[in-house]
Structure formats: structure tokens, C-alpha cells
Amino acid sequence: MSLLGASISTKILSVPLPLPAVKAGDVRPYASGEKSPYADNRYLDWRCPDCGNPAFSAGITAAGRWRPAQLIPNPTTVLHPAQCRSRIDDRDHINQPPPACGHRLDHHLSTAIRPSHDVLHLQQELLDLVTVPTGPHHSVSAHEQFADLRAAMLLICGTWPAASQLFPQAAHLDLVDTDIDQRLRRLTARNKKVTHVASALDTPPFDSIACAALMLLARQVLEGPDRAEHIDALLSHCTRQWPGRGKLLRLEPHCSGGLRSALRPRLDGLRPVSTDFLALFPQAATHQGQLDAAAIPQRLPDTWMEPLRALGAPFRPLRRDAAIRLVQMAHGGTRRQATLYLGFTASVGTNTSAQLRSWQSSDDNARKYAYALDRLANQLVADSSLVDYQHRRAGLQDWVLPPDGWEKIIEAVLRQLESGQRHRIRWDRAQHRAASAIVWSQVTHGEWQWAPLLQTQPHVGLIEIKRARFSAYELTLPVFPSRGPGLLARLLRSALREHADKLAVQIDRRHNTQRRVKAIPGNE
């Protein structure tokens, strides 16, 4: 047997169950195999009968948290190991530590409540699971049985009072109901979000009687003849917005095969689904084989965006979403694949879709948007002067401004500045990286935030990358805020644009030459 809060397993179960009563003052341990002369089983009290605080704690806060107790709460007080350590809030002891409660917790002053044979049998099963690795059922391991028990308790608490309606004759249902209600009230007092409800309901009750009643309910759900029907009835109350959904999905792989089979019919409907299948406005490959996806840049040119401006949508997410959907129209595949193809991260596609979802859902915007994209795709199909932006992105994946080219740009800028302004400019590595990102965005017609040089890299310090991002941000502003007039920004942007135009011509010329060489018979 264990003490008041017999801990079966950390992060799995904390089970205060009935223990043999011990005579006051008798703390002698019994040898292995020796029977205790005090074998009248009873539930243990989890609160001190005198002060009402949890045993060996310093009380409970208004938010429901336990205050840890000190082994010696007051140096002037001598306490027996079994005496309560909780401090008494006494205003007469303002200038000195308050005295401890001092009540003997090994004295049974409350009325003994005897557990039923079912509770004693359940406690013995749990103890056997701890000591025997395979558990009482050799086909199911001990950790799977504990996972089953925890999943059943989460279902019961998370869908309460559905379980009480399934087992109306179960004992002490009122105590379980009171415990769950108190937990939810404590969450409200702490102003916690809905996502914290699952964590609150996943912990067994502190009170031993309520804990035993809840665990008996869980065993009835798991081992009853109508187990599948009971689990299905509990899961019928769970939706995608149910706070315990994520925790139950994480527990399911660790449960026994029988429980997984019973959970699967309903649990499959609670699993997270790809955003491509949840999208309210999916995009079909309407121009596959006609439009080249490589001709779609991250940032659509202003001339392409003209027919879309009149739609009245948020312009920046609309520009990104249009690029993603044009890639889907030309190349096919999912939205995530199109987002990664353009060089964005997967979260960009999800966030962009969420920003436009409200606009597309209102009026007839979705149909108008699809029609405008179809017209734009037809115009691009008829255009023979499209640029291969995908080749540019691939060619500049690991590119950085060459040292000699960076020196020429610095010299061109310094020649146009006054002598008093030249010494106030820092031409460090962060500025070099920022300038390379601006050139990348101009050559690929992309967004400078997603330049490969500004992403986290193992061989580059995070501070340098942050400074480079800020420097690139300053270069995109119409006025240079941190250094007075925007003359430096204008000069540097002009020099970088000139360098980007030359670099783009070189990349396209090299690419066209390679394509002509491959077109010659025998050079495939």
C-alpha cells in the first residue's frame, strides 16, 4: 500500500485510494509478507481535519493551486513527522512567522467510510500493474492498460454528465459531479482559455472517494459488455472544438488494440484534416498544360494585379493568394505544394487563405475572384514574353552579392554623398546580407522577407540575420528613418536595382543558351 496520494505513475495517474487504518502513533513498517493487525480498510482523508488544507501543503490559492509546505514552517515550533505543516493565518503574529497547524494526521477523527469490494479489487489491480510488467492480462501490457484508463477518464470528465446517464446506479456520482464543477470554476477564476480545460479534466480528483468513483466508472466503460456502445455514446458528444480532442488523439496510439478499435469509428472524424481538404474555395488545375507554373513569381507584377484590384479584397494577401492559385491552375497539386513551390513556407498559404476567407464568403466575391483569375491565366497563356522566375529562384538559392560587386556598389553610393555623411554609414555583414536580399527580390520578383539569405541558417548567427532583416526593411521604406533624409536609401536602392537588372539579364541569357543547346539533336 502507499500513502495519501498513492502515485501510480507520473503524468499518468495519481490515485488516492483506500488504505489500512493505522493506530495513532504506530508508524512501524511491517516486514514483507507480514500482515498488519489493523486491516480495516477505509478511505484516507486528503485534507487536514483541523485547518482544512491539503495534507502536507500550505493551503490552496484562489486559483486552485497548492502552496508547497515547508518541512520546518516555524523554527520555534517542534513538530512530529505526522503533524500538519500548514501555517495558520493569525493577525497576532504579524512580525513573526505564523504557527503551523500541528494537527496529527495519523489520528482518525472523522467518520470512517468503508470502500466497497469493487474499489478494493480495483486498487489491487492497479498495484499488480505496477509490480507485474505484463499486467493481469498477458495480451495487454501494463502501460497500455494505464493509457486505456486515462483515455476513459478523459472521456468521462470531458463529456460529463453523459457518463452519469449511462451508469445512473454508480456510487458517488454526486462527488464526481462536484469535483468536475470545481475544476471548471477554478479555470474561470484564473481566466484560462478553453485549451486549458483538457489539462484540468485529465487529472484524477484529489478526494479519494471521488477518485475511486471516477475510476470505477472508467473500468465500467472499458470492461463492460457494452463497451463499444458506451464509448460511441461518449464520443458522440465530442466535436472538433472539444477541448480534449488533441489529448485524446495523442493518447490513442498508446492504448490497447481493443480500445483503439472501439475508438476508431468516431475518432477518425476528429482527426486533423489537411487544409487543402478543409479549404472553402479549392482551386482546380484549369490551365494545366497551357500555362507554365515557372512563370509565376512570388509577388505578381502590378500589371497582372490590375484586373484584381477592383474586387475590393485586402490587397497584400490577395496578391499572395493569386500567385498560389495561379500555380495550382498551371501545375495542379495541393495548395501546400503550390506554396512551397513559390518559396513560401506552408504556414503562409494557410494564413493567406484565412485572411481572405471572410471576404470570399460574403456576397458573390468567390465567383468573381475565380472568374478574374481565369481571365488573367488566359492572358498569361497568350503572352509569349513570360519570364522563367522559377529558374531565377533556383539559380539564386545560395547566392550572395560577390565581394567585388558589393565594393563597386559602395563606391558608387559614396561618390554621391557628402564627405560628412560617409563616415556615419556601417557597411557590415548584416548590410551586405540585406543588400543581397533586396537584389534577390528584384531579380525573382519576390518578397524580400522570404529571401533565402534572411532565413535561419546553421552557420549564421541569429543576431546577424535579425539585423539584416531590419536593414532590408529600412531599404524598402520611402524615407530612411534612422539616419535622417532618405538620400542614402534612394542611392543604395538605385545601385542595387541597376545590379539586379544586369544579373537578371545574365541569368536569362545563360538559361536561354542552355535551352537552345538542349534543343539541338543529340544534345539531350
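The second largest cavity in this structure is lined by Ala 151, Ala 152, Leu 155, Val 221, Leu 222, Ile 231, Leu 259 and Leu 263. On a 1 Å grid over the protein atoms alone, a cavity is a set of points where a 1.4 Å probe fits but cannot get out, and lining residues have an atom within 4 Å of a point.

Before I go on, a note on the model. It is a predicted model, where local features need pLDDT of at least 70, side-chain atom pairs count only at pLDDT 80 or more, and totals for chains, interfaces and linings use all residues. Residues are numbered from 1 along each chain as its sequence is written, and side-chain values use heavy atoms, with hydrogens and water left out.

Back to the cavity. A volume here is the space filled by probe spheres set on the grid points, which are joined across faces, edges and corners. Which helices each supply at least two residues of this lining? They are helix 2 (142–158), helix 6 (208–223) and helix 9 (257–267). Helix 2 gives the most, with three residues. Helices are DSSP runs of H or I with at least four residues, strands are runs of E with at least two, and both are numbered from the N terminus. By class, the lining has eight nonpolar residues, no polar and no charged. Nonpolar covers Ala, Val, Leu, Ile, Met, Phe, Trp, Tyr, Cys and Pro; charged covers Asp, Glu, Lys and Arg; the others, Gly among them, are polar.

Ile 231 from that lining also belongs to helix 7 (residues 227–235), where His 230, Ile 231, Leu 234 and Leu 235 are buried. Buried means under 20% relative accessible area, exposed over 50%, and partly exposed in between, with a 1.4 Å probe and protein chains only. Seen down the axis of helix 7, the buried residues fall within an arc of 130°, so they line one face of the helix. The arc is that of the directions from the helix axis to the C-beta atoms. Their cover includes helix 2, helix 3 (162–166), helix 6, helix 8 (245–251) and helix 9.

Next, a pocket, which is an open set of grid points with protein on both sides within 12 Å along at least five of seven lines. The second largest pocket has about 520 Å³ of space. Of the 17 residues that line this pocket, Arg 299, Gly 446, Glu 447, Trp 448 and Thr 476 are the closest to its centre. Two or more lining residues come from each of helix 12 (315–331), helix 19 (429–444) and helix 21 (487–519). Helix 12 has the largest share, four residues. The pocket lining divides into four nonpolar, six polar and seven charged residues.

Now the cysteines. Cys 101 is buried at 13% relative accessible area, and Cys 48 is buried at 3%.

Last, the whole protein. It has 21 helices and six strands, and buried residues make up 42% of its 524 residues. Of the contacts with a separation of 6 or more, 64% are between residues 24 or more positions apart, contact meaning heavy atoms within 4.5 Å.
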